[in-house]
Amino acid sequence: MLTGHTLRDRYRIYDRLGSGGAATVYLARDAQTGQMVIVKVVHPHLVDEQFMGRFRREIDLLQQLGNPYIIRLYDWALREFEPETKQTLSYIIAEFVEGHTLADIVDTRGALDEMDALAITRQLALGLADIHDHGIVHRDVKSQNIMITPNNQAKLIDFGIAKGQNHATLTDPSHFAGTLYYAPPEQILEAHGVDHRADIYALGVVLYEMLMASLPIKSREFGTVASKIIAGDLDPLTGVSPEVESLVSDMIAYRVENRIASAKEVVRRIEKITGGAQDPSIEDLPPSTTAMLMRVPPEAAKSSTGPSYKLVTVTGQAIPLTKTDMIIGRSHPRDSATPDIDLWTLGIEDARTASRRHCRIFQDGKKYFIEDLGSMNGTFLNDVQLQTGTTHPLKEGDRIMTGRVQLTFSCGTE
Ligand SMILES: Nc1ncnc2c1ncn2[C@@H]1O[C@H](COP(=O)(O)OP(=O)(O)O)[C@@H](O)[C@H]1O
Ligand SMILES: [Mg+2]
């Protein structure tokens with residue numbers, strides 16, 4: 001665990017943002033510039049000779065980009081010994097993007113209107129055109145790897161540098177489930193042979209997802225999803241204008257040679273539909289979450305003997321607080337990680353109004369506290385909305401709203 005450490009006497013790590021099959025992402029502050037950055041630490045077992053070659057090449061190329069729709073890369077380390085942690089680490093330092101993932105926005109708000117969906121796709125296509133010109137294929141374009149900033153800018157994050165052997169994970173459902181929905185048939189059939197048109201297909205699926213608020217394949221089962229992609233069996237796009245329908249179908253064409261051939265062409269097609277360059281204008285995007293993330297989390301209390309703390313739903317279902325620090329949220333088939341308290345698998349009505357990492361309940365000393373984690377629909381304590389990043393003590397009978405899900409805090413003594 002690197003939280004609280006400083007890498008290279010420069011990057012002070014505050015909090016863990018997420019962890020996937022290839023790397024763990026932390027939020028940090030660059031002591032030299034004062035900027036917030038992310039540190040993406042690659043799992044050491046993935047760092048072999050082949051990986052190191054690719055890592056260096058892609059870093060060199062990405063560092064030359066200054067595209068507003070692509071995350072910026074600042075610095076990197078390859079098998080570098082960090083005296084403070086006494087570990088040998090490989091990582092990249094990249095721009096911290098404020099805002100929410102597109103996946104979260106679509107999940108909590110439903111479908112976007114055509115103009116916004118097209119405007120977001122256009123920005124991403126401009127970003128892709130730039131990396132494709134540099135000979136880089138992203139290979140993992142999906143709504144979870146797209147951030148939307150509070151001032152309506154789309155940014156592609158999560159570059160392949162840290163992905164290791166992609167084709168190996170394709171057969172590993174736990175790591176690839178999220179990405180699979182966006183993979184073109186050729187990526188499943190011949191993982192080695194994909195080119196930039198795999199990114200165009202994936203962006204087409206993202207556009208579909210924004211318009212329909214669902215994916216073109218609904219199954220949550222790995223094998224079914226893969227075989228539907230190979231069979232070209234995608235649910236049709238409905239309720240959109242004919243121009244948009246044909247744009248999506250040209251982006252997700254089954255055969256590579258029938259697909260729109262370049263990201264620049266995607267931009268042209270969109271501008272033809274929208275009558276020129278348009279930026280998205282999604283209203284009421286939630287405020288930035290930097291404040292909450294800059295706070296160093298308190299050390300979790302060690303012992304939890306004594307009263308049996310729990311949350312109780314409106315139907316009387318009790319959710320015991322089994323750990324001293326728990327994230328409440330809602331899992332999604334695209335995520336490999338689930339929150340400690342998963343409102344979705346608990347079968348709670350309105351679970352979809354909660355964000356994936358909605359709020360956090362933790363013990364400090366003898367008391368429990370609650371904190372909103374920058375959720376989309378907000379966390380309310382006894383009808384008062386909590387400001388993200390501030391902590392509030394909990395007492396018996398307090399009513400917590402996570403989106404539209406009501407939970408009552410109880411110190412229960414039985
Ligand atoms: N630059 C960033 N700014 C803000 N949040 C980020 C950034 N990079 C990653 N994240 C958050 O961390 C999550 C995981 O990061 P990602 O780079 O996609 O790694 P993984 O390989 O685990 O998918 C993202 O979905 C996003 O929520
Ligand atoms: Mg990712």
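## Exercises: a ligand shell, a helix contact and confidence

The shell around ligand 1 takes at least three residues from each of domain 1 (6–95) and domain 2 (100–274), with bounds from an automatic or database domain assignment. Heads up: this is a predicted model, where local features need pLDDT of at least 70, side-chain atom pairs count only at pLDDT 80 or more, and totals for chains, interfaces and linings use all residues. Residues are numbered from 1 along each chain as written, while chains are lettered from A and ligands numbered from 1 in written order.

**Exercise 1.** Describe the shell around ligand 1.

*Step 1.* Count 19 residues around ligand 1 (C-beta, placed from the backbone, within 6 Å). Leu17, Gly18, Gly20, Val97 and Asp158 are the closest.

*Step 2.* Look for elements giving two or more residues: you get strands 2 (11–19), 3 (23–30), 4 (36–42) and 6 (87–95). Strands here are DSSP E runs of at least two residues, and helices H or I runs of at least four.

*Step 3.* Sort by class: eleven are nonpolar, five polar and three charged (Asp, Glu, Lys, Arg).

**Exercise 2.** Work out which residues link helix 9 and helix 10.

*Step 1.* From helix 9, pick Glu243, Val244, Leu247 and Met251; they meet Val266, Arg269 and Ile273 of helix 10.

*Step 2.* Sort this contact: five nonpolar, no polar, two charged.

**Exercise 3.** Check the pLDDT, the predictor's confidence from 0 to 100.

*Step 1.* The chain averages 87, and 88% of the residues score at least 70.

Conventions
Contact = placed C-beta atoms within 7 Å.
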